[in-house]
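Good morning, and thank you for coming. I shall take you through one protein chain, and I would ask you to keep its sequence and its structure in view as I speak.

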Amino acid sequence: MAGRNGGGGAPTLESVAARAGVSRATAGRVLSGSTKVGPQAREAVLRAAAELRYVTNRAARSLMTRRSDSIAFVVAESEDRFFADPYFSQVLHGAHGVVARHDMQLVFAVVSGDDVERQRFERFALGGHLDGAILVSLHGDDPLPRRLQDAGVPVVLSGRPFAHESRTPLTYVDADNVGGAMAAVRLLAQLGRRRIATITGPLDMAASVDRVDGFRAELAAHDVVDAGAADGDFSIAGGRRAMLDLLAADPAIDGVFAANDLMAAGALQAVRESGRRVPEDVAVVGFDDSAIAASAQPALTTVRQPMVEMGRTLATLLLDQITHGGEPQAPVILPTEIVRRDSA
């Protein structure tokens, strides 16, 4: 009885090409993740590979292409922060879907401020183990993206670089943080709130700065009082602490914009602890539209940013750089929108 490749052995690239009715070169391009193949040929090759149960020899392919077929998803935070904030898993989910469709591996790394941890990752990245990296949640003017890019490892950032005038152009994907914050304040003003405060994320992050800028810009367009700002560190505990501090400084606060949903959830706790009601006494608006927004009590009005789509876009831009080379692409800014629930 004939084997899967017409003989008795394992299927080969030649047998996949023959079954698909294409050349060996075309089959090789499809199975290496190239986008320079027509949709009909691509579908035929993938169907033939599945029918023959062909498995790419990654080691051999790496020798031929000088690529590792691996991309890193790097979060510049502690493990505790990564697992506590659903933002990261949603972006990772979007990126993984795109990378998997290109038959590549997604390597996950949490790289906090620890120098030893960072040096270990840099050695791994610069040792030829990665074709590119998605960098998430960078703080300050982090040198990591430039070090990788200068060494020939393509990078794409989630969020704009903290330094506006970066020495090296960097590709990035972001949400409209300024516009989203403005929409949150506009809603609070339209609801009749007149003393509005904000709970910020760490101000060494571009997203936090942009949301504060949007908050202040929209306040200036309305007859409302800036009731202050407090750093909530993008966490529930930080949001609770910040809200208590704001209420202690100005007990007449009647609206608050929290720069993520975790801090907004903490703010809800603090408002209840102070004997006030949401939204009757204090209206609360968050940012992200993560799972916690719908499950909060009361359910949280928030600014939705398309986190899964951000992950898809990050991976797509990086794969394009890896496949085609060239200069970093123009930034992609994805739209945000208000999601009304019960807190405002």
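Let me begin with a question: where is the place of Pro 279? Before I reply, please note that what you see is a predicted model. Pro 279 lies in the loop between helix H12, residues 261-273, and strand E9. The peptide bond that leads from Val 278 into Pro 279 is cis, with omega near 5°.

A cis peptide bond also joins Gln 297 and Pro 298, and there omega is about -5°. Pro 298 sits in the loop between helix H13, residues 291-295, and strand E10.

Phe 234 has a phi near 55°, a positive value in a residue other than glycine. You will find Phe 234 in the loop that runs between strand E7, residues 225-231, and helix H11, residues 236-249.

I turn now to the strands. Strand E9 covers residues 283-288, and it pairs with strand E10, residues 301-304, in the parallel sense over four bridges. Within this pairing, Val 285 has Thr 301 of E10 as its bridge partner. Strand E10 is also joined to strand E12, residues 337-339, by three bridges, and these two strands run antiparallel. Here Arg 304 has its bridge partner in E12, namely Glu 337.

Next, the domains. How does the domain assignment divide the protein chain? It gives domain 1 as 13-65, domain 2 as 70-174 together with 308-333, and domain 3 as 177-304. Between domain 2 and domain 3 an area of about 980 Å² is buried, and carbon and sulfur atoms give 54% of it.

What kinds of polar interaction do we find there? Four residue pairs are in polar contact across the interface of domain 2 and domain 3.

Let us look at salt bridges in the whole structure. How many does the structure hold? The number is 17. Another is formed by Arg 47 with Glu 43, where the closest N and O atoms are 3.5 Å apart. Why are Arg 47 and Glu 43 separated by about one helical turn? The reason is that they are four residues apart in helix H3, which spans residues 39-52.

To close, I would ask you to return to strand E10 on your screens. Please trace its parallel pairing with E9, and then its antiparallel bridges to E12. Thank you for your attention.

How values were computed
Residues numbered from 1 in each chain as written. Predicted model: local features only at pLDDT ≥ 70, side-chain atom pairs only at ≥ 80, totals over all residues. Heavy atoms only, no water. Pairing = 2+ DSSP bridges. Domains from an automatic or database assignment. Buried area = accessible area lost by both parts, 1.4 Å probe. Polar contact = N/O pair within 3.5 Å; in protein donor to acceptor, adjacent residues only side chain to side chain. Salt bridge = Lys/Arg side-chain N within 4 Å of Asp/Glu carboxyl O.
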